[in-house]
Amino acid sequence: MGDFNHPDICWRDNAAECKQPRKFLECVDDSFLLQVIEEPTRRGAMLDLILTNKEGLVGDVKLKGSLGCSDHKMVEFRILRAARKVHSKLTTLDFRRADFGLFRDPLGRIPWDKALQGRGAQDSWLISKGQLLQAQERCIPAKRKSSKNTKRPPWMNKELLGKVKHKKEAYRGWKQGQVAWEEYRETVRAARNQVRKAKALIEISLARDVKDNKKSFYRYVSDKRKMRENVDPLWKETGDLVTRNMEKAEVLNDFFASVFTGKSLSHTAQVTEGRDWENPELPTVGEDQV
């Protein structure tokens with residue numbers, strides 16, 4: 001939130017006449033942000049804005065009197081989000097602590113020729129699978145899967161991971177007095193430049209190949225969004241903006257009903273039961289009938 005100083009933006013119509021405010025609106029749309037203040041905050045102009053990336057996250061917006069000598073109104077609002085810690089209940093195999101020697105030993109002692117003799121492919125697979133799972137349960141411990149998003153960004157590679165690790169080590173050394181400030185600053189600068197170059201290269205590649213590979217482009221955009229919106233605000237026929245889920249459903253339902261056309265009986269294929277077709281020629285279907 002803050003004073004963005006764009007008095008000629010019409011937030012109701014999401015439009016502006018000048019070039020700079022239009023660029024600001026495009027930036028807001030590209031970042032999937034919503035503006036929630038609806039009343040002017042300074043002499044009839046809406047200069048102070050609150051931008052959020054999720055509908056319903058900010059509420060109870062109120063404008064109050066000015067503070068001190070300022071001619072802007074004070075803005076009071078609430079962040080309507082309860083903080084709760086999510087614990088993952090998923091488990092996964094911890095291969096770092098696995099004993100592969102113990103894992104191979106019981107499988108190696110099984111006389112597979114005799115165990116699978118005369119059995120089909122399905123029975124042989126079930127026997128092999130059962131023995132494999134038993135050995136896995138004894139030799140590979142399980143661990144709780146982290147609920148954090150540990151997926152690497154597409155631009156991250158082995159070289160960049162090394163740069164980031166080196167930066168963290170330099171920071172730790174600087175805090176402990178083992179690394180000079182100039183050395184730490186140079187390390188941070190080098191890592192930041194490498195990350196920016198990697199991001200720019202992957203984004204240029206996605207933009208260049210967007211016509212042939214739309215999924216990768218939209219997956220990258222979706223991963224950049226921290227909050228997800230199912231349906232954006234909709235305009236009713238009366239010109240009112242609809243933001244509530246129930247109202248959105250009604251608007252979409254009304255539009256669907258307005259364009260829906262049921263099939264008439266004249267266009268439905270009729271099948272006569274019990275009729276024997278003795279004519280070997282196929283029926284002809286004209287273009288007008290189709």
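Is lysine 167 buried, partly exposed or exposed? At 31% relative accessibility, lysine 167 counts as partly exposed, where buried means under 20% relative accessible area, exposed over 50% and partly exposed in between, with a 1.4 Å probe and protein chains only.

Before going on, two remarks on the model. This is a predicted model, in which local features need pLDDT of at least 70 and side-chain atom pairs count only at pLDDT 80 or more, while totals for chains, interfaces and linings use all residues. Residues are numbered from 1 along each chain as its sequence is written, and side-chain values use heavy atoms, with hydrogens and water left out.

The overall picture comes next. The protein chain has eight helices and 10 strands; these are DSSP runs numbered from the N terminus, H or I of at least four residues for helices and E of at least two for strands. Of the 290 residues in the protein chain, 18% are buried. Among contacts with a separation of 6 or more, 47% are between residues 24 or more positions apart, and contact means heavy atoms within 4.5 Å.

The largest nonpolar core has 11 residues in all: Ile9, Trp11, Ala16, Phe24, Leu25, Val28, Ile37, Met46, Leu49, Ile50 and Val58. Helix 1, residues 19–30, gives the largest share of this core, three residues. A nonpolar core here is a set of buried Ala, Val, Leu, Ile, Met, Phe, Trp, Tyr and Cys residues joined through side-chain atoms within 4.5 Å. Apart from neighbours within four places in sequence, valine 28 is in contact with Leu33 and Leu51.

Histidine 6 sits in the loop between strand 1 and helix 1. With a relative accessible area of 14%, histidine 6 is buried. Not counting residues up to four places away in sequence, histidine 6 touches Gln20, Pro21, Phe24, Met46 and Leu47.

Asparagine 5 is found in the loop between strand 1 (2–3) and helix 1. Asparagine 5 is not a glycine, yet has a positive phi of about 60°. Aspartate 60 also has a positive phi, near 55°, in a residue other than glycine. The place of aspartate 60 is strand 5, residues 58–66, and with a relative accessible area of 45% aspartate 60 is partly exposed.

On to the helix pairs, starting with helix 2 (residues 100–108) and helix 4 (residues 121–139). Their axes come within 9 Å and cross at roughly 150°. Axes are lines fitted to C-alpha atoms, for helices over the stretch in contact, and angles run from 0 to 180 degrees between N-to-C directions. Helix 2 and helix 4 are therefore roughly antiparallel; the cut-offs are under 35 degrees for roughly parallel, over 145 for roughly antiparallel, 65 to 115 for roughly perpendicular, and oblique for the rest. From helix 2, Leu102, Phe103, Pro106 and Leu107 meet Gln131, Leu132, Ala135, Gln136, Arg138 and Cys139 in helix 4. By class, that contact of helix 2 with helix 4 has seven nonpolar, two polar and one charged residues. Ala, Val, Leu, Ile, Met, Phe, Trp, Tyr, Cys and Pro count as nonpolar, Asp, Glu, Lys and Arg as charged, and the others, Gly among them, as polar.

Serine 124 is also in helix 4. Serine 124 is buried at 13% relative accessible area, and leaving aside neighbours within four places in sequence, serine 124 is in contact with Leu116 and Arg119.

Back to lysine 167, which is found in helix 5, residues 158–175. Beyond neighbours within four places in sequence, lysine 167 is in contact with Tyr184, Thr187, Val188 and Ala191. The C-alpha atoms of lysine 167 and arginine 189 are separated by 9.2 Å, and the two residues are 22 residues apart along the chain.

Helix 5 packs with helix 6, residues 181–208, at an angle of about 155°, and their axes are 9 Å apart. This pair is therefore roughly antiparallel. The contact of helix 5 with helix 6 divides into 10 nonpolar, three polar and three charged residues.

Last, helix 6 and helix 7 (residues 214–224) have axes that come within 8 Å and cross at roughly 135°. That makes helix 6 oblique to helix 7. Ile202, Glu203 and Leu206 of helix 6 and Ser216, Phe217 and Tyr220 of helix 7 make the contact.
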